[in-house]
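This briefing concerns the ligand site of the structure shown below and the pocket that surrounds it. Please keep the sequence and the model in view while reading the points that follow.

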Amino acid sequence: MRRRPLLLAGLGLALAACGALGRPAKGNGLQALAAQRGLTWGSALSLAALDQPELLTLIQHNVGAITPENALKWDATEPEPGRFSFSDADRQLAYAKRNQMTVRGHALVWHRQLPGWLESLEPTPLRQALERHVQHVASHTRGRVISWDVVNEPLDEQGHGLRRSLWLEKLGPDYIADALRWARQADPKARLLINDYGLEGDDPQTARKRVSLLTLIDQLQRDGVPLDGIGLQAHLVAPREDEPRFATLPAFLQQLRQRGLAVEITELDVSDRELPSATALRDGRVAATYGAFLRAVLPEPALKQITTWGLSDRDTWLNGAFPRSDGLPQRPLPYDANLQAKPARSSIAATLQPTEAPR
Ligand code: XIL
């Protein structure tokens, strides 16, 4: 075997450290560690974050991709029929560009954060509204969004097929294929994803939900629908007693890869809502859950990127959505509310450290 000239090998390493997308790796930030594995590390970005310089410094140190947390959702982008509004989203996209970060688009079709006017439409105008929305939003961001959550949370929570959303009830299951096709027309280069939660664990409900997803994928692929990947939201819950395990996850990721799909972790966080109040105990269990989860997903070659849903506990959505019974704020993210690194941050960094050659 011929040896590669040293210069070329050095160039290859430098490129790997920049990630596939030219994002410079910053010291020991999470993006730099992820880039050594050919991955991008991302975070959701709130609008409020844009006005917090210290938080932005932390984001710039650790992150190579952002997902606008709310600004690309339907209620923000099309508050009235046909009146589109991108001022908030464009501020976030401009921030990403200035900082050489890529952007994940979230989300074109979802059953939440919808404007009221949509819900009263009859099927035919509803389908027309969906087409206009997908085409308009994905065209607006064309060339600026690397992957789109085209359809968010289409699966029934209990694992019984598709979710009975407004979309399913009024348009039938074809709304998923339609949305993917319209997104492809509007932005031929973006990676198009179906994104959902509750697909990571080892319980029977998760197993059923995985079957629902694989059935949906197989149908879409038989019909020639453009679908490039699956987003696993990965809103995890630190377990009260057992050690966190993700024993069945690697085989599921393999099933996705065998279908030719990319995998992204799109909204990772670890809720401590089932744990007692003591901070050290919570932080340890959250950190262990991050470590176990990353050990399960990192070996998967189809994995492209990992995004946490915020970077510091001051950003988390979980206190509103799933408050702790003792009223304490949750500690689900790598940095605490004062922007200090927590055990979760160390656990992520340690798990990302390459133990073998970068792939
Ligand atoms: C959440 C945001 O973080 C909150 O700010 C907002 O109030 C509600 O939505 N799954 C998703 C995300 O796909 O869009 C949700 O984000 C969290 C759950």
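This is a predicted model: local features need pLDDT of at least 70, side-chain atom pairs count only at pLDDT 80 or more; totals for chains, interfaces and linings use all residues.

The points below take the pocket, the ligand and the backbone in turn.

**Lining of the largest pocket**

- A total of 40 residues line the largest pocket, and those that lie nearest its centre are Y197, G198, H235, V237 and R273.
- Two or more residues of this lining come from each of the elements α10 (204-222), β7 (235-237) and β8 (262-271).
- By class, the lining of the largest pocket consists of 16 charged, 12 polar and 12 nonpolar residues.

**Shell around the ligand**

- There are 13 residues around the ligand, and E69, K73, H106, E267 and W309 come nearest to the ligand.
- The shell around the ligand holds six polar, four charged and three nonpolar residues.

**Polar contacts and burial of the ligand**

- The side chain of N152 places a polar atom 2.9 Å from an oxygen atom of the ligand.
- For N70, a polar side-chain atom is found 3.0 Å from an oxygen atom of the ligand.
- The side chain of Q113 has an N or O atom that is 3.2 Å from an oxygen atom of the ligand.
- The ligand taken alone exposes 410 Å², and the protein buries 78% of that area.

- H106, one of the residues that come nearest the ligand, is joined to A107 by a cis peptide bond, with omega of about 0 degrees.
- A107 itself belongs to strand β3, which covers residues 102-109.
- Q113 is located in the loop between β3 and α6 (116-119).
- Although Q113 is not a glycine, its phi is positive, at about 50 degrees.

How values were computed
Residues are numbered from 1 along each chain as its sequence is written. Side-chain values use heavy atoms; hydrogens and water are left out. A residue is near a molecule or strand if one of its heavy atoms lies within 4 Å of it. A polar contact is a pair of N or O atoms within 3.5 Å; within protein, one must be able to donate a hydrogen and the other to accept it, and residues adjacent in sequence count only if both atoms are side-chain atoms. Accessible areas come from the Shrake-Rupley method with a 1.4 Å probe; for residues, only the protein chains shown count as cover. Ala, Val, Leu, Ile, Met, Phe, Trp, Tyr, Cys and Pro count as nonpolar, Asp, Glu, Lys and Arg as charged, and the others, Gly among them, as polar. On a 1 Å grid over the protein atoms alone, a cavity is a set of points where a 1.4 Å probe fits but cannot get out, and a pocket is an open set with protein on both sides within 12 Å along at least five of seven lines; lining residues have an atom within 4 Å of a point. Helices (H or I, at least four residues) and strands (E, at least two) are DSSP runs, numbered from the N terminus.
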